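Student: Could you walk me through how to read a few features of this structure?
Tutor: Gladly, let's look together.

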Amino acid sequence: MFDFLEGYDLLGAFWVTVQLTFWSALGSLVWGTLLAAMRVGPVPLMRGFGTAYVTVVRNIPLTVIIVFTSLGLFQTLGISLGADRFTTINFRLAVLGLTAYTSAFVCEALRSGINTVPLGQVEAARAIGLSFPQILRIIVLPQAFRSVVGPLTNVLIALTKNTTVAAAIGVAEAALLMREMIENEAQLILISAIFAFGYICLTLPTGLLLGRLAKKVAVKR
Amino acid sequence: MRRTGSGRAAKRRTDRDEAPTVLYDVPGPRARRRNLLWTLLFLAALAAVVWWVIAGLGAKNQLEAEKWEPFLTDGRVWQTYLLPALKNTVIAAALAMLLALPLGALLGIARLSDHRAVRAGAGTVVEFFRAIPVLILMLFANAAYAEFTDISPETRPLYAVVTGLVLYNASVLAEVVRAGILALPAGQTDAAKAIGMRKGQTMAYVLLPQSVTAMLPALISQLVVIVKDTALGGAMLGFAELLASVRPMSANYGANTIACFTVVAVLFVLLNLALTTFAARLERRLRRGKRSTGAVVTAEAVDDLATPGEPPAPKP
């Protein structure tokens, strides 16, 4: 029944999905935190930049961004991100696109977390003379991060599902393999079920595990 | 007296859309100088990036006027490529929303059923379709239509895109509907029971009509997600929407890839901004409104509702 699977690297494709998710998650956590810091900071120009970035990026389809990294950045402008093999270039471009897109959502999640930190915390920090970067680093962000584990989990799950878009620029992840298998094999329902199951295996445990973590670390108020 | 006044001011400052200015003091002379320094540094960094981009674009001849001009002076670009593509995007998004809404309402109500089997069935469907990527659903729908139906290959991408979007968004909207109904004050159900309404009547005449108002902002914000996801069909299924118009357009107007992408991105942003602005305005009106219960499922709540896993706890 499953002999049509021969010759296809199913696990390898899902491994690429996991790698895409991991690197993009890492990148967007860093860039998203920086954006959030800019958006709540005292410098008007940085606030404006953060707001503009989030507004624009959230309203562009991820597919447009990913296809742009390949057609625009690589094929037109010749930016290859320091890689020389096509597969590596496309992978890095996809991570870049996913990071640029996802960090806007990380930023918004963090900002809502910053708003849950009680005013008294910040007022006390200001009263003992901490500067803005110190307040953010020592007082606000640690509490904000603990309260946004839940929302960030949602972003992570959305990111896992969004990695399928990398198929549009030929990254050999699960969705691309699924399209190839559907074209070559006559087992449409079975193939689709296998891939659906694969994604459920990736998304549901993430939600359950991090959901539990979210309850554990949340600041009780 | 003063305390309540300042308390209220502080409360207003932490509202969602405004920067929480309480994170830093009102700048004095030194802070102003420091902010100015940071502004200048950031401006320099921005300028460096912009210069690098422009130099890069110039080196690849992407800034020539003839590559950008057609979008302003030549009506044919719009008539041949952009407007038909935009029309397809809007048609697919509108169809998906119209079909997903009743399906989602049905699933959402089923999840609130008193019968465990109905609840579990609807729950499984909702969790399943929220857990898998839309693209997988689209690819499946595309292949399934090719194999089991005789829909012509020209219209098949539209069918596939709409099917994928409906399956996914119906399950998200099911959660929106459920949240909308749960957000209503319990007194509504009690009152309906008190005047002798049956369960179905309570749902049809009391809960559902009110929850529709409450969830309008969330619905519109989901429409933004739908609009964005139509681009998947353009990249993977050959559906002739905005993103898919980039290739033929740049081939016809002298390889102006960057210009084409810019225009397409701007169109998407404008379309979605119009939707989000409308949703935000509606949300504010609903919160202020005296005729409604004041219950509202916000645009932001959709992010949580679109995630598989345990349902968000109903608000007390």
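Student: Is B:Ala295 buried or exposed?
Tutor: A residue counts as buried if 20 or more other C-beta atoms lie within 10 Å of its own, exposed if 12 or fewer, and partly exposed in between, with C-beta atoms placed from the backbone. B:Ala295 is buried because 21 other C-beta atoms lie within 10 Å. Keep in mind that this is a predicted model, where local features need pLDDT of at least 70, side-chain atom pairs count only at pLDDT 80 or more, and totals for chains, interfaces and linings use all residues. Residues are numbered from 1 along each chain as its sequence is written, while chains are lettered from A and ligands numbered from 1 in the order in which they are written.

Student: Where is B:Ala295 found, and which residues is B:Ala295 in contact with, leaving aside its neighbours within four places in sequence?
Tutor: Helices are DSSP runs (H or I, at least four residues) numbered from the N terminus. B:Ala295 sits in the loop between H12 and H13 of chain B. Contact means C-beta atoms, placed from the backbone, within 7 Å. Setting those sequence neighbours aside, B:Ala295 contacts B:Ala183, B:Leu184 and B:Ala214.

Student: How many residues of chain B are in contact with chain A?
Tutor: On chain B there are 48, meeting 51 residues of chain A. H12(B) gives the most to that side of chain B, with nine residues.

Student: And how is chain B divided into domains?
Tutor: Domain bounds come from an automatic or database domain assignment. For chain B, that assignment gives domain 1 (2–59) and domain 2 (67–305), and their C-alpha centres lie 35 Å apart.

Notes. Two residues are in contact if their C-beta atoms, placed from the backbone, lie within 7 Å. Helices (H or I, at least four residues) and strands (E, at least two) are DSSP runs, numbered from the N terminus.
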